[in-house]
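Have the model open as you read.

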Amino acid sequence: MKIHVFESEREAAAAAAAAVARRLEEAPDSVLMMPTGDTMLAMYRELVGLHERGGVSFARASIFNLDEYLGLSAKHPASFASYMRENFFSRVDAEPERTRIPDGATRDPARECESYEREMQAAGGVDLCLLGIGKNGHVGFNEPGAPFSSRTRVVRLSESTREANGAGFPGGLSPEKALTAGVGTILDSREILLLATGEDKAEAVAASVEGRVSEEVPASALQGHPACAFLLDATAADLLNE
Ligand code: GLP
């Protein structure tokens, strides 16, 4: 696992965006796995800027999203589908046919999860997976305890994650269940980049990078991945020993 520390959040986000652009320049039909969350807004801004300056095209890429709340339609303003539409898809040239977010409004979640995995395989598997990290070390919506072998499935969110993601929901609590790519799904990606910024991520970053590999810290699974890098700003890297 490689660790890159940048002085500012902006620089860390720009490095993540540059890695995506580089990958698409080398192989325009790459398969990407994309996250949501506040941290990623800076990366999406950078990618949109690069696209507007002619620096990157998503026209031939396939884009899978990591997760979505169960019970929310793509039109719900707090769905991850809305987040992606507003912050990214409507601003770049991604082909709607090749963008895929788990359907939160599905009547048959198990089947939706299976077809999501199948579509990822049919696309050739994920070339580059971008990740954020939750304060408890979660990746996607794989909360502490998620098996490292887990695939796309329905999960129950912890109270702290529901609070952290509560903006836009009644009572400041997000829905209690979500569909998420599993830890095993994520680990199958050929390359993984995790972007973390801000001091409130420092503990999760230190536990994931230098702590014991344990299902209690989902992001620690990344220690075993052959091509994974953490892109951090100085505050998120603050508790690392080296
Ligand atoms: C959510 C998402 C994760 C994301 C995390 C951190 O739980 N499912 O993919 O990494 O939030 O979000 P933020 O960047 O807002 O702290």
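Start with a nitrogen atom of the ligand: a polar backbone atom of glycine 140 is 3.2 Å away from it. Keep in mind as you look that this is a predicted model. Now turn to the oxygen side of things. Another involves lysine 201, with an N or O atom of its side chain 2.6 Å from an oxygen atom of the ligand. As for cover, on its own the ligand has 390 Å² of accessible area, and the protein covers 91% of that.

Who else is around? The residues around the ligand include Thr36, Gly37, Asp38 and Thr39, along with Asp67, Gly132 and Ile133. His138, Gly140, Phe141, Asn165 and Lys201 are also among them. Sort that shell by class and you get seven polar residues, three charged and two nonpolar.

Next, step back to the space itself. The ligand takes up the largest pocket, which holds about 880 Å³ of space. Its lining counts 35 residues, and Thr36, Gly37, Asp38, Ala164 and Asn165 are the closest to the pocket centre. By class, the lining of this largest pocket has 14 nonpolar, 15 polar and six charged residues.

Which elements each supply at least two residues of that lining? They are helix H2 (39-52), strand E4 (67-69), helix H3 (80-87) and helix H5 (159-164). H3 gives the most, with four residues in the lining of the largest pocket.

How values were computed. Residues numbered from 1 in each chain as written. Predicted model: local features only at pLDDT ≥ 70, side-chain atom pairs only at ≥ 80, totals over all residues. Heavy atoms only, no water. Near = heavy atom within 4 Å. Polar contact = N/O pair within 3.5 Å; in protein donor to acceptor, adjacent residues only side chain to side chain. Areas by Shrake-Rupley, 256 points an atom, 1.4 Å probe, with all protein chains shown as cover. 1 Å grid on protein atoms, 1.4 Å probe; cavity = no way out; pocket = protein on both sides within 12 Å on 5 of 7 lines; lining within 4 Å. Sits in = over half its atoms within 2 Å of the grid points. Nonpolar A, V, L, I, M, F, W, Y, C, P; charged D, E, K, R; others polar. Points joined across faces, edges and corners; volume = space filled by probe spheres on them.
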